[in-house]
Amino acid sequence: MTLTRTHLFGFVGLVTLAFALYWAKAEAQAVREKVLVLQDEVDTERRAVRTLEAELTWVERPDRLEEAATRRLGLAPITADRIATIEDIDQVVPLRVAPPAADANPIVPNTAAKPAEPAADTSKAVAAKPPPVVTVVAR
């Protein structure tokens with residue numbers, strides 16, 4: 001029996017196909033292992049996210065925040081007597097600028113003599129008490 005070119009090309013083709021099949025199977029196995037590793041990482045990260053969400057829920061509890069604000073910052077819940085309207089605030093701090101007087105001439109400055117104001121005694125300066133904080137409710 002003699003080997004012809006057809007037999008030789010057939011044998012080389014068969015060996016090439018076997019090698020390609022082995023290589024493809026090895027690559028598929030490597031990709032499968034990589035996918036499993038990535039799935040494990042995703043599961044780990046999802047567990048970490050759930051843990052952080054649970055911790056955030058614990059930290060943001062209203063009763064814990066209220067207690068911390070009262071104890072550490074000296075804050076207290078707002079009471080009804082601290083709620084004001086815009087008109088109430090306008091009495092304390094005017095929101096509108098008063099119009100100029102009718103007899104004032106805007107071109108010529110008023111040069112009338114004004115009484116001298118006493119000089120402020122800076123040695124006994126007392127800090128002014130700041131006005132209370134008021135929440136505005138628009139109606």
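Which residues form a negative surface patch? The patch is formed by Asp40, Glu41, Asp43 and Glu45.

## Basis of the model

This is a predicted model, in which local features need pLDDT of at least 70, side-chain atom pairs count only at pLDDT 80 or more, and totals for chains, interfaces and linings use all residues. Residues are numbered from 1 along each chain as its sequence is written, and side-chain values use heavy atoms, with hydrogens and water left out.

## Overall make-up

The chain has three helices and two strands, and from the N terminus on its elements run α-α-β-α-β. Helices (H or I, at least four residues) and strands (E, at least two) are DSSP runs, numbered from the N terminus.

Of the 139 residues in the chain, 3% are buried. Buried means under 20% relative accessible area, exposed means over 50%, and partly exposed is in between (1.4 Å probe, protein chains only). The accessible surface of the chain comes to about 13700 Å², and carbon and sulfur atoms account for 65% of that surface. Accessible areas come from the Shrake-Rupley method with a 1.4 Å probe; for residues, only the protein chains shown count as cover.

## Surface patches

Patches are made of residues with over 30% relative accessible area and no salt bridge; like charges are joined within 9 Å, and nonpolar side chains (Val, Leu, Ile, Met, Phe, Trp, Tyr) within 5 Å. Lys and Arg count as positive and Asp and Glu as negative, while His and the chain ends are not counted. The place of a charge is taken as NZ of Lys, CZ of Arg, CG of Asp or CD of Glu.

In the negative patch, Glu41 is one of the members. Glu41 is found in helix α1 (residues 5–59) and counts as partly exposed because its relative accessibility is 46%. A nonpolar patch of about 390 Å² is made by Leu8, Phe11, Val12 and Val15. Phe11 also has its place in helix α1, and with 55% relative accessibility it counts as exposed.

Helix α2 (residues 62–73) has twelve residues and should span 16 Å at 1.5 Å a residue; its end C-alpha atoms are 15 Å apart, which agrees. The expected span is 1.5 Å times one less than the number of residues. Just after α2, Gly74 takes a positive phi of about 70 degrees.

The structure holds two salt bridges, each being a side-chain nitrogen of Lys or Arg within 4 Å of a carboxyl oxygen of Asp or Glu. One joins Arg71 and Glu67, with the closest N and O atoms 2.5 Å apart. Both residues lie in helix α2, four residues apart, about one turn of the helix. An α-helix has 3.6 residues a turn, so residues three or four places apart point the same way. Arg71 is exposed at 52%, whereas Glu67 is partly exposed at 38%.

Asp63 forms a salt bridge with Arg61, where the closest N and O atoms are 3.2 Å apart. Asp63 is partly exposed, with a relative accessible area of 49%, and Arg61 is partly exposed at 24%.
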